[in-house]
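Reader: Hello! I am new to reading protein structures and would like to work through one with you. Could you show it to me first?

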Amino acid sequence: MKRQVRSKGARLRIVGEMTVYTAAALQTEVLAGITERTATKLLDLSEVSEMDTAGLQILLLARRHALALGRELQIVAASSAVSEVLQLLQLTTLTAAPAAEANP
Amino acid sequence: MNLDEALPGFIAESADLLREMEAALLECTAGSVTPETINLIFRSAHTIKGSAGLFGLDDIVAFVHVVETVLDGVRLNRTAMSEELIALLLSCKDHIQSLVASVGTAAPPDSTLVTRGEELLAALRQVSAIEAAGPTDATAGSPEHPGNAIGTRPSTSAQTTTDWQVLVRFSPTVLTAGMDPLGFIRYLRTFCELRRVEVLEDTLPGPESFNAETCYLGFHMDLRTSAPRSRIEGAFEFVREDCTLQITELHAEPHRDAQIPAGPSSPPPTQARPKREGAPEANVLSRSIRVDAGKLDYLITRIGELIIAAAGVSLLARRGGNSELEERTSTLAALVEQVREGALQLRMVKIGGTFDRFKRVVHDVSRELGKEISLALRGEDTELDKTVVEQIGDPLTHLVRNAIDHGIEPAEVRRARGKPAGGTITLNAFHDSGSIVIEVRDDGGGLRREKILAKALEKGLIQEDRALTDPEIFNLVFEPGFSTADSVTNLSGRGVGMDVVKRNITALRGTVGINSVAGEGTTVTVRLPLTLAIINGFQVAVGKTSFVLPLESIEECIEFSAENGHDFTNLRGHVLPFVRLRELVGTKEPAARRPSIVVVKHAGERAGIVVDALLGEFQTVIKPLGKMFRKVDYVSGSSILGTGEVALILDVPALVQQAIVRARNHAAA
């Protein structure tokens, strides 16, 4: 499968589906992307075509992983598919101030 | 959670809710019956019922349920919020309060409480019965104008919706089975309003054990919908085997066509912990914590001791001449002062809470007497010591009742005098030179000077030949055994008179005064010290004895001078009467060569106190006086100095009074 995550400086861009079919691959790539050098990661989700529960879990996992490393993860752009899910679940704070959403 | 441990929390929460409920009910009497107010009352009742159910307090659940049913009728505009209904609901609120209180004592329910509950239930059921019959009669009577039914507003405002709390967790395999939990939520949205959604990610594992194809999430949703429970359940039909689903009714607004149960028959919401509604507000409130008052008092006494100890240390440092030590102790003293202020601040509460109680008093009493009276509140944010607040309630209640009973005239008399038929009682609070002033004002007929004089003569309180000023005459009402009431009503005139009020206020180191203008009304002014524990004092001396004056009451200190042998001096063109502390104390020590006058102020009056020496500011921890000193009328308390010596705290109001009286007698003579 072709690489879905592109890391450039602080920017982490995910392209294509974020669903149960791609979740396993995404998991490794996203986590690796976060562990990389920079402290703040800007997550660009503007090219995500589809998102389901599995995709959402990856997002939550990524946030938790970043927090565990003491880094910030900020969603700076979201496609309509991503926005729809975040709005449905009232998770819009994810895009605004991820640091405020501490782990339970 | 241990329920027994949580019980005090329930009692405290209920007290808060009942207070809110009462406030809202009283708002309704003021003529503002808004849907928000009704909802607030309903929510209070509902939350109490929910919590009581959690503790298995069936009595409370059963009673509140009936109250709730009636309130629901009001909410759906089926029942009008009449004066009678408000009075009934207020009684119900009192009853719930008693029920909750009896939970705290763990005593068996007493029979009067049970009887009272039954009476109220009967009255409530009657209201429900009327309301059940109401709409049908109205529509039958005027079929062509169904919208004109009495007490019914257009039904567009009445939503027949229910709030639900849905808690759902999916089995780990649901994703691989080809189902997406988000889909179910999207489906719910087609017939529900998703008021709140929370993603439960507590079971989400760390990166090591995370499996991308396992479902870890759960969802917690608050829904509002007109659809029945079965439809919500139906939404999850496809994953019925693969999820745990919990649906709880948050608050029901029963369907219009549903029969209103007359008794407690709906299932209590015990499936899940009933959420307190209005979560955002609750979050704001949770920034404050409840602390046991005993702990706070302990802290204050310890700080009192700390101040005395610190004063001792700095005294030693000064004597020892160790400048470094002196510097450190002054830092310490500054910190101690800050701690003291912080600790006292903890005890400060707004007087608004006490004032709000009087809305109820005014409502009940004016109903009882058939007088139309409104209550105006001012300065509710004024803060004062918790202990003072607790102890001022009873005297104030008496003053308010008195004002309603004796102050405000009957409506006919008021109209004849060209006043509005409805009377007004005003409660006002403000800070004034180290005291808090609370005024109870009525716009009634005022005190009858002649009647008071006659009564005072009859009781032998005054001699016939004495010329008294108006304030002096008015203040006679505070004398023991004085009452001019023509008729003994249910409210006052039972022997518990103004003298008790005065005694209670004096016990708080406060003073009370009364003034009145015939035909315009009466104002009772209560002055209380801001705190009962620690004050900023100013130390003075006569001979070798130290005295303390409250710093807030001091205006200035001037060099001693007297108008050739009289007991007053000229203060920038004004006469300033003074008292010589030396004479009061009766010391035999030789007089100082350069005495000073401390100018003090109380209740707008100024007077001087002649002392031998000014010693400066001093943190004063007030200690009560021993019985021996009770009769000494110029001393209000004692304090311990850094040296361990005792200093007496001078009673400024008494001294001011004494100086003025003496100056006047002198002038008269």
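Reader: Which residues of chain B do ring pairs link into a cluster?

Author: Good place to start, and please keep in mind that this is a predicted model. A search of the whole structure finds six aromatic pairs over all chains. Ring pairs join four residues into a cluster: B:F170, B:F184, B:F219 and B:F236.

Reader: How are the rings of B:F184 and B:F236 arranged: stacked, edge-to-face or tilted?

Author: Their ring centres are 6.0 Å apart, and their planes make an angle of 35 degrees. Planes under 30 degrees apart would count as stacked and those over 60 as edge-to-face. The angle of this pair is 35 degrees, so the pair is tilted.

Reader: What kind of pair do B:Y187 and B:F191 form?

Author: B:Y187 is partly exposed at 39% relative accessible area, whereas B:F191 is buried at 13%. Their ring centres lie 5.7 Å apart with the planes at 70 degrees, so the pair is edge-to-face.

Reader: Which residue has its charged end over the ring of B:F191?

Author: Here a charge joins the picture. The charged end in question sits 4.1 Å from the centre of the B:F191 ring. The residue that supplies this charged end is B:R231.

Reader: What area do chain B and chain A bury between them?

Author: The contact takes 26 residues from chain B and 24 residues from chain A. The size of an interface is often given as the accessible area lost when the parts come together. For chain B and chain A, 61% of the buried area is on carbon and sulfur atoms, and the area is about 2200 Å².

Reader: Which residue of chain A meets B:E201 in a salt bridge?

Author: Across the interface of chain B and chain A there are four salt bridges. In one that involves the side chain of B:E201, the N to O distance is 3.7 Å. The partner is A:R64.

Note on methods: Residues numbered from 1 in each chain as written. Chains lettered and ligands numbered in written order. Predicted model: local features only at pLDDT ≥ 70, side-chain atom pairs only at ≥ 80, totals over all residues. Heavy atoms only, no water. Phe/Tyr/Trp six-rings, centres within 6.5 Å; stacked < 30°, edge-to-face > 60°. Buried < 20%, exposed > 50% of the residue type's maximum accessible area, 1.4 Å probe, protein only. Lys NZ or Arg CZ within 6 Å of the ring centre and 35° of its normal. Contact = heavy atoms within 4.5 Å. Buried area = accessible area lost by both parts, 1.4 Å probe.
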